[in-house]
Amino acid sequence: MHALAPWGRSIASTPKGVWSGARGFRPQVFTRRCMVAPALVGGMKQQNFKTFGSVCAVVSVSAAVWKGLRNPLPDEASAGQSKTVLVTGGTTGLGLATVQRLAKRGDHVITCGRNAQRVAEVNQLPNVTGFVCDLAKEDDIEQFVYQVKAHLGERPLDALVNNAGASRGGDPVLAIRTAELDAAWNLNVRAVAIVTRDMWPLLTRSETPLIINVGSTCSHPKFAGAFSLTYPLTKAALRSYSNSLRQEVSLLKPSAQVVHLTTGAFQTGLTTDVPKKYAEVLSSYGPPFADFAEVLQQRTAQGFALLKPKCPDEFAASVAALVHPVTEHKVRLSREYRLNVSTMERVVPWVPQGLLDYSWVSDCKGRVPSCALIA
Ligand SMILES: NC(=O)c1ccc[n+]([C@@H]2O[C@H](COP(=O)([O-])OP(=O)(O)OC[C@H]3O[C@@H](n4cnc5c(N)ncnc54)[C@H](OP(=O)(O)O)[C@@H]3O)[C@@H](O)[C@H]2O)c1
């Protein structure tokens, strides 16, 4: 396995990289080093004391800068033209972090969400245009596509990030309501296929169009969970969709790229109160399924306690690095990348016999730096 960080040594020399080291600079320690150490040496003349203090100051600042050089903040290429990017579901969580990051660097970002209040809030951000849309509804998608086309006019769409998605657990495979199957499918798969199809003509106007599909680690073929049907099912389908899309796109426009992000845990609404939510869903089905609600809640809580969800900003940094690849450290596009898969390794000791089978995580041996793009 070859790890490719989207940020490279080149980034280390950016002011931000140096700043990440400088953030570790502590004035108290600095003062102690400059003032106390010479005093300990004792018997120093005033002149030598000042010289020693200056040397310490230089060493401390250099160490801070060096730390920054060695531990750069992940960052996309700071230079380069701004792009037009459509991020679905950009009003909260990973989508919002991505919208904010891209807009801040000067990209023109279009997004959507169901909640009108939150859409109005993102519309306040400079460079962001948001539309109210329920991607699980056919009419809404049609209207959204029309709005985006009217908004862009003849301008190209450089990147499409199919991020909007929902996770739901607790539905028993043998009793699941048809409406739940439809809801998950419509948002997590169908909407992606329709939006991508309808945005393709706009994407082809760009020289190097990019499509990013936000998948999940639970799409792994060995992931098998009782009372956990729709999310793994739809994310596995999305992964398959990405593979087919990549093949076709490479035939139609070889410069276009398709990236599937197999995403681990991040701190968002999607990962909040999961054990309780799952148990409530399962309870709603009544016996005999509801009898497992308590154990499902306990086991899910145990599993989540082992996960280390990352900050959405780290996800946004990786997406931004794909949209604006660092030239010296070319990220290989048109493939699948895993974000934060190391979190899934932490679930290994959990192995909740008969309830969930996470044995596949042994495939992910080795420490994976959080949010690096792994090829
Ligand atoms: N967080 C994680 O740990 C994690 C892990 C793996 C994969 N992912 C994937 O990452 C993506 C983003 O998840 P997240 O964690 O950021 O979730 P989130 O915080 O719940 O955000 C979801 C976003 O999608 C929008 N959305 C939801 N349903 C929609 C619909 N029917 N139509 C239009 N927009 C809709 C939401 O806005 P409204 O509610 O206003 O509609 C919101 O902006 C999803 O595809 C998810 O499967 C997340």
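## Overall architecture

The chain has 13 helices and 11 strands; helices (H or I, at least four residues) and strands (E, at least two) are DSSP runs, numbered from the N terminus. This is a predicted model, in which local features need pLDDT of at least 70, side-chain atom pairs count only at pLDDT 80 or more, and totals for chains, interfaces and linings use all residues. Residues are numbered from 1 along each chain as its sequence is written.

Of the 375 residues in the chain, 42% are buried. A residue is buried if 20 or more other C-beta atoms lie within 10 Å of its own, exposed if 12 or fewer, and partly exposed in between, with C-beta atoms placed from the backbone. Among contacts with a separation of 6 or more, 74% join residues 24 or more positions apart; a contact requires C-beta atoms, placed from the backbone, within 7 Å.

## Confidence

The average pLDDT of the chain is 77, and 66% of the residues score at least 70. pLDDT is the predictor's confidence in each residue, from 0 to 100. Over residues 1-41 it stays under 50, and the model has 78 contacts beyond four places in sequence for this stretch. Residues 67-75 also have pLDDT below 50, with 33 contacts in the model beyond near neighbours in sequence. Where pLDDT is low, the predicted coordinates should not be read in detail.

## Ligand shell

The ligand has 32 residues around it, of which Gly89, Gly93, Arg114, Gly165 and Thr268 come nearest. A residue is near a molecule if its C-beta atom, placed from the backbone, lies within 6 Å of it. By class the shell holds 13 nonpolar, 16 polar and three charged residues. Here Ala, Val, Leu, Ile, Met, Phe, Trp, Tyr, Cys and Pro count as nonpolar, Asp, Glu, Lys and Arg as charged, and the others, Gly among them, as polar.

Elements supplying at least two shell residues each include α5 (93-104), β3 (108-113) and β6 (210-216). The largest share, three residues, comes from α5.

Helix α5 is largely enclosed by the rest of the structure, because 10 of its 12 residues are buried. Among the buried ones are Gly93, Leu94, Arg101 and Leu102. Gly106, which follows α5, has a positive phi near 105 degrees.

## Nonpolar cores

The largest nonpolar core has 61 residues, and Leu86 and Ile212 touch the most other members. Such a core is a set of buried Ala, Val, Leu, Ile, Met, Phe, Trp, Tyr and Cys residues joined through C-beta atoms within 7 Å. Helix α8 (residues 178-203) contributes the largest share of this core, nine residues. Another core, of nine residues, lies apart from it and includes Tyr278, Ala279, Leu282 and Phe292.

## Backbone geometry in loops

A cis peptide bond, with omega about 5 degrees, joins Pro287 and Pro288. Pro288 is in the loop between α10 (274-283) and α11 (293-306).

Asn127 is not a glycine, yet has a positive phi of about 70 degrees. Asn127 lies between α6 (116-123) and β4 (128-132) and counts as partly exposed, with 18 C-beta neighbours inside 10 Å. Phe227, also not a glycine, has a positive phi of about 60 degrees. Phe227 sits in the loop between β7 (224-225) and α9 and is buried, with 22 other C-beta atoms within 10 Å.

Note on methods: Contact = placed C-beta atoms within 7 Å.
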